[in-house]
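Please keep the sequence and the model at hand while reading.

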Amino acid sequence: MGKETEVFGVNYERFSVGKKLDKLAEKYQIKSVLEMPAHGAKAMPSIYSIGFINKADNIALVNGVPQYVSEWKKLGADKKLTWLSEENICHTSIPSSSYDFVWNFAYIPACPAPDALIDEMKRISKKYIAIFSVNSGNIGFPIHRMVHKKTKIPWTHGDIRYNNRHFIKKKMQEHGLKVVETGFVDCPIWPDSLGFRDVRLHRMNIDFSQLDWEAPYVDMLKNNSFPLWMKAVYIVEKLPLPKFIKSVYAHINYTLAEKQ
């Protein structure tokens with residue numbers, strides 16, 4: 001199994017997403033969380049929900065990778081964690097209305113049955129459902145698409161409609177959910193993946209599930225030792241700009257909806 005250390009862009013993504021999840025947990029009084037599935041987007045799986053450790057008492061990960069409980073242990077949060085295994089995440093054995101907040105990160109465009117997944121998330125949730133997705137409004141997204149076309153490497157990132165924040169909002173409303181908040185997270189000054197690293201990895205035929213990941217962010221969080229550049233980029237991210245401007249440089253959009 002090869003070893004792969006997350007790069008600076010992923011470290012910043014985790015920093016920004018972690019702060020957003022912590023703020024959502026405080027604002028909406030979230031005490032129980034289900035991440036479904038707890039995959040990794042070309043990064044260490046099963047640690048996106050670490051952003052909830054300060055506010056939530058119960059965090060469940062569906063189809064995660066238990067070896068990365070090591071990262072939760074570093075933060076003294078492993079006792080809050082439950083590992084769940086489901087053969088079909090669109091039809092699970094999880095009881096209805098079990099968790100305050102049900103969500104996933106950068107997954108739904110690749111889901112074979114996104115409508116069924118949204119329905120299942122709604123069933124399991126007590127109140128809130130959230131989808132975090134790679135933002136197609138970012139300047140890097142069409143460049144990434146073009147790189148795939150030029151290199152004749154098939155697009156492997158799923159249905160691009162689910163990268164559009166307006167489409168996701170409409171879709172969640174179609175499922176009888178009330179959208180209560182939309183926005184952006186991970187908004188650094190550089191564009192999102194332009195696709196060149198993606199093409200290189202495709203050609204190397206790397207199986208990301210077989211990599212042994214290292215996540216420097218977890219050690220930064222444990223020691224409260226985030227570099228100055230990261231804090232500076234976050235200040236720029238937090239500038240109160242209109243959404244149509246922010247979309248151009250935001251890497252991730254999010255949609256938070258409430259069960260009626």
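## Terms and model

A residue is called buried when its relative accessible area is under 20%, exposed when that area is over 50%, and partly exposed in between. By this scale Asp 219, with a relative accessible area of 34%, is partly exposed. The model discussed here is a predicted one.

The structure holds 14 salt bridges. In one of them, the side chains of Lys 74 and Asp 219 meet at 3.5 Å, taken from N to O. Because Lys 74 belongs to helix α2 (residues 69-74) and Asp 219 to helix α7 (residues 216-223), this pair ties together parts that are 145 residues apart in sequence. Lys 74 is partly exposed, with a relative accessible area of 32%, and Asp 219 is likewise partly exposed, at 34%.

A salt bridge also joins the side chains of Asp 115 and Lys 171, with an N to O distance of 3.3 Å. This pair links distant parts of the chain, since Asp 115 sits in helix α3 (residues 114-124) and Lys 171 in helix α5 (residues 165-174), 56 residues apart. The two partners fall into separate classes of accessibility: Asp 115 counts as partly exposed at 33%, whereas Lys 171 is buried, with a relative accessible area of 12%.

Which parts of the chain does the pair of Lys 3 and Asp 212 link? The side chains of these residues meet in a salt bridge of 3.1 Å, N to O, and the pair links distant parts of the chain, with Lys 3 in strand β1 (residues 3-5) and Asp 212 in strand β8 (residues 212-214), 209 residues apart. Lys 3 is exposed, with a relative accessible area of 52%, while Asp 212 is partly exposed, at 23%.

The pair also belongs to a network of salt bridges, in which Lys 3, Asp 212 and Glu 214 are linked.

## A positive patch on the surface

Apart from these pairs, there is a patch of positive charge on the surface, where Lys 19, Lys 23, Lys 231 and Lys 238 gather. One of its members, Lys 238, lies in the loop between α8 (228-237) and α9 (243-249). Is Lys 238 buried, partly exposed or exposed? With a relative accessible area of 40%, Lys 238 is partly exposed, and because a patch is made of residues with over 30% relative accessible area and no salt bridge, this value passes the cut-off for accessibility.

Conventions:
Residues are numbered from 1 along each chain as its sequence is written. This is a predicted model: local features need pLDDT of at least 70, side-chain atom pairs count only at pLDDT 80 or more; totals for chains, interfaces and linings use all residues. Side-chain values use heavy atoms; hydrogens and water are left out. Patches are made of residues with over 30% relative accessible area and no salt bridge: like charges are joined within 9 Å, nonpolar side chains (Val, Leu, Ile, Met, Phe, Trp, Tyr) within 5 Å. Accessible areas come from the Shrake-Rupley method with a 1.4 Å probe; for residues, only the protein chains shown count as cover. A salt bridge is a side-chain nitrogen of Lys or Arg within 4 Å of a carboxyl oxygen of Asp or Glu. Lys and Arg count as positive and Asp and Glu as negative; His and the chain ends are not counted. The place of a charge is taken as NZ of Lys, CZ of Arg, CG of Asp or CD of Glu. Helices (H or I, at least four residues) and strands (E, at least two) are DSSP runs, numbered from the N terminus. Buried means under 20% relative accessible area, exposed over 50%, partly exposed in between (1.4 Å probe, protein chains only).
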